[in-house]
Amino acid sequence: MQREVGTLPLAPALRARLAAAGFQTAQELLDTGPCGLSKEIGISREEALEALQVVRQECHGDTARAAGGSGATRKCTALELLEEEQTQGFIITFCSALDNILGGGVQLTKITEICGAPGVGKTQLCMQLAVDVQIPECFGGVAGEAVFIDTEGSFMVDRVVDIAAACVQHCHLIAEAQPEEDHGKALETFSVENILSHIYCFRCRDYTELLAQVYLLPEFLAEHSKVRLVVIDGIAFPFRHDFEDLALRTRLLNGLAQQLIITANEHRAAVVLTNQMTTRIGQSQSTLVPALGESWGHAATVRLIFHWDNTQRLATLYKSPSQKESTIAYEITVQFHHCWLHVLMETRCHSIFCRF
Amino acid sequence: MAAKKLRRAQLSQEMCERLSRYQITTCQDFLCLSLLELMKVTGQSYHEVQKLLCKVSRACAPKMQTAYEMKLRKSVNPSSAFLSTTLHSLDRVLHGGVPCGSLTEITSPPGCGKTQFCIMLSVLATLPVSMGGLDGAVIYIDTESAFSAERLIEIAANRFPAYYDSDEKLLCMTRSIHLYRELTCCSVLKRIMSLEEDIILKKVKLVIIDSVASVVRKEFDTKLQGNLAERSNFLNRGASVLKYLAEEFTIPVILTNQITTALSSGPGLRADLVSPADDLSLSEGSSVSGKRDSGYVTAALGNTWSHSVNTRLILQYHDLPTRQPLRVSAAITKMLRVRSSDTNTAS
């Protein structure tokens, strides 16, 4: 109730008038009443009533928050957080070594960034995840749906059909090997058509459409509450041309990252972004680094870099709050990413986080 | 979509007028501002501004479609998904031919046959659908003045003698191939921007740009400071417009590129090498550069450009006189070797 007038979400012109008239706290406004307010600062009675309603709502929200209810700021103990994290599912990638270095798979409520050169398999992994998120719970999945935002035009439906067919077949094999009662029921609805119908695709051609889509994402996710994965394939492409103002670019990217974090947390979804690599020319040598600059590196919680070593594809876990930095080898086969733990790779990895 | 005026985003008239006083007229300007700036500019409260933001976003956000709907749409019209190259092993590797709706790049050392390949594809595109063509016109943007109409007629008459049995049919075919000679980057970009209307007017089914590399490398010297960024800018803009056209009209777009030898001492060029598929000297049997240790041989235009194309075909000499296209694709990753004798030689 002692909240200052300047912090209320009113129109700036109105706030300026209130400050000029000498109002300081929200309580004063509520005490004055709509008629008095309209006479004092020279606005119509309806506008005054609207303003008071906003103020009342804000104050009510404040007291609710102070009493410990749910609101924009949550507080909880680390123990509660631990329990939440342990029951949380991961989206598996069907590549056991990759799942291992990630600590189980792609984590929900976190932003994972996949960087890599062209042709290394980023879009493949994204399409794989869009199918894997739909695996029923009795097979170890999260039984969710997927939103796929494509900015580069690299989404190939035929490939998704292949991956989905392989996934369904894999689940059938599991059900045969270890039959349980839930399996049969789950397999009835887990078909290729069903999988495809639950991947929601958006094709954004420039950064304005991307911004617009991310603004509308909370609304969309509220309607489709089963979505557990949001993929943005190619967050770098729309921001890398037609941008003279780099400060604007940084600001827009930071805004995007913040909104995605909020969305990931509120809807318990995983956000996966793919990034390009760019050449950084130093004095004596030049290196390949992820695009979009240094400040963008802070946006993602987990960063995976896909690269080549001669003709072998490698994945390096570059940034993670809970796992150790390590590298594994992988292959892209007709069905899905297939990992082979090459003997050489084992000695190169710092540690193989063994969890089966 | 970005340049959509706010009037059409169903904002009220007075709001649009108020915003135009701050030079905010398009959806792009509106969405680039932060919430506080929007509050200041519109004079509305926080919640009202959020509602306005949703309104404007809805006006320029793309439509949603599920993967299932996309698959259904593709299966309705399967024949229009590829342009068959009539080289059977190449078609097999490409799963049907040059894909429609995406960018395909053909790169090779000089003299390997890129322009010949492009001319052959132009002939194929004008054939009727029953013979494996696309039954449409072709737009050919030539930056090297390498296109020869006589060669075009020679190829058509030799490959399809049964179809092109009369002069009239040959003339009809040549009339549907529209050639534009552009010699600077600026004019190429302008031409690309104006393609949309031409495609609708002339019922174009194939766009070829031969070659992107020659005009870009002529004008941008990457050793000079600032040129690398400008070059990337130009390439990205061109690529995004071409992708839009390819997807919108579901036509194949073919671009040709050159091979560059990156000397191992140069810092900037070496970083062009982003994947082993790009290092052509690694492939066995290649005799492109006689001295292997002198440097890397890779496709030109840098790794930013490599991100933009969807499929990349690399033609190489295996040993004279046969040509050997090596296929590397950004989408379906398999490095395969396809041997083909050059179909354009009279033999």
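In what sense do strand E5 of chain A and E1(B) pair, and over how many bridges? Antiparallel, over three bridges. E5 covers residues 199-203 of chain A. Pairing here needs at least two DSSP bridges between two strands. One example: Phe202(A) has Met64(B) as its bridge partner in E1(B). Helices (H or I, at least four residues) and strands (E, at least two) are DSSP runs, numbered from the N terminus.

Some ground rules. This is a predicted model, where local features need pLDDT of at least 70, side-chain atom pairs count only at pLDDT 80 or more, and totals for chains, interfaces and linings use all residues. Residues are numbered from 1 along each chain as written, chains are lettered from A and ligands numbered from 1 in written order, and side-chain values use heavy atoms, without hydrogens and water.

Now the interface. In contact (heavy atoms within 4.5 Å) are 58 residues of chain B and 61 residues of chain A. The two chains bury about 5100 Å² between them, 63% of it on carbon and sulfur atoms. Buried area is the accessible area (1.4 Å probe) lost when two parts are put together, summed over both. In chain B, Cys32(B), Pro62(B) and His307(B) lose the most area to chain A, together 12% of what that side buries.

Next, charges. The rule finds three salt bridges across the interface. That rule wants a side-chain nitrogen of Lys or Arg within 4 Å of a carboxyl oxygen of Asp or Glu. Arg203(A) forms a salt bridge with Glu247(B), with the closest N and O atoms 2.8 Å apart.
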